[in-house]
Amino acid sequence: MREKRTIIIFGAIIGIISVALVYFGNPANMGFCLACFIRDTAGGMGLHRAEVVQYIRPEIIGLLLGSCLLALFRKEFTPRGGSSPFTRFIIGFFVMIGALMFLGCPFRMVLRIAGGDLNAVIGLVGFILGILAGIFFLNKGFTLKRTYSLSKTEGSLLPVTGLILLILVLAVPSLFFFSSEGPGSKHAAVLISLTAGLIVGALAQRSRFCMVGGIRDFVLFRESTLLIGFVSILVFAVIMNVILGYFHLGFAEQPVAHTDGLWNLLGMLLVGFGCTLLGGCPLRQIVLSGEGNTDSAVTVIGLLVGAACCHNFKLASSAEGPTLNGQIAVIVGLIVLVVIAVMGCKETTNS
């Protein structure tokens, strides 16, 4: 019971912070969105040239550093890796394609529902179906193989890279791209964003919070602790949205969203499927990277490259709806993940 009370409190804090970030300047229903923030950061670094989504998001760096600092403090910084890194890169790549079809990661899906966006409920259905597909293959023996202990230098490379990026953004902003309009131009002050990221990163590290893990663990083991955290974020985000007047129930005219139900569902199905094979949602991958997990770091790089390709090759949706290129990419992604899952099961059977 103590663990469940703790995760309810952590979820409440995360939900409140997420809506507070909107109050301080982030796009509506986007207090936290790992997919959107990685996309914006990719644009800020010049990896894509979609001018409306270019900004180095301090929340991402804060998440990484917050989890790293708490892991160091609690002596849980344990560098490890070597578990099918390139496969993880490819899965991360396609998870981002699914997320930008839906226009949000699992975290933003919850925040969109909390803001009254019913399109995100359809996304949730797809997300659950994707997790169930992943569980099917886990039960058939799918695995990305074991990890190996690595040096502290290896495990610290991504957190150090994040710190260097933050220093460069603050010291030499002319090196980077910044949106003058669109979602990339809407953001809280750097100190507020960074502080929010540090807090959420530390809480997520302490609680092992994961959007995928909550549903997966409940289905497999009837363990509800992580799922309760999921619900806590939703409940407290709804309360904050109602208080601040941000709650608008419906499908139409939702911020940074489209109303194509089929592709909202398929996009999040791809996300749920991929994240189940990976063992965690984008938030969990960033937190694990902060703990020294280089496999998760490779997954994060896959997400980054996926975000860049989505905008360079017109795969990302917009408020007008999905693109044909994006629809093809989602179908290709589902096929690729099924092939990876089937081959992973066969390798386990033959070993």
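Reader: In this predicted model, where does Ser-83 lie?
Author: The model is predicted. Strand E1 covers 80–81 and helix H4 covers 85–102. Ser-83 lies in the loop between strand E1 and helix H4.

Reader: Is Ser-83 buried or exposed?
Author: Buried means under 20% relative accessible area. Ser-83 has a relative accessible area of 0%, so Ser-83 is buried.

Reader: Which residues is Ser-83 in contact with, leaving aside its neighbours within four places in sequence?
Author: A contact needs heavy atoms within 4.5 Å. With the neighbours within four places left aside, the residues in contact with Ser-83 are Arg-88, Leu-144, Lys-145, Arg-146, Thr-147 and Asp-295.

Reader: Which residues touch the most other members of the largest nonpolar core?
Author: The largest nonpolar core has 88 residues. Those that touch the most other members are Phe-32, Phe-107, Met-109, Phe-127, Met-211 and Leu-283.

Reader: What does Met-109 touch, not counting residues up to four places away in sequence?
Author: Met-109 is one of the residues with the most contacts to other members of the largest nonpolar core. Not counting residues up to four places away, Met-109 touches Phe-102, Ala-120, Gly-123, Leu-124, Phe-127, Phe-230 and Met-268.

Reader: What radius of gyration does the protein chain have, and why does it agree with a compact globule?
Author: The protein chain has 351 residues, and a compact globule with that number would have a radius of gyration near 20 Å. The value for the chain agrees with this; it is 18 Å.

Reader: How many helices and strands does the protein chain have?
Author: Strand E1 and helix H4 are among them. The protein chain has two strands, and its helices number 14.

Methods:
Residues numbered from 1 in each chain as written. Predicted model: local features only at pLDDT ≥ 70, side-chain atom pairs only at ≥ 80, totals over all residues. Heavy atoms only, no water. Core = buried A, V, L, I, M, F, W, Y, C linked by side-chain atoms within 4.5 Å. Buried < 20%, exposed > 50% of the residue type's maximum accessible area, 1.4 Å probe, protein only. Helix = DSSP H or I, 4+ residues; strand = E, 2+ residues; numbered from the N terminus. Rg over C-alpha atoms; globule rule 2.2 N^0.38 Å.
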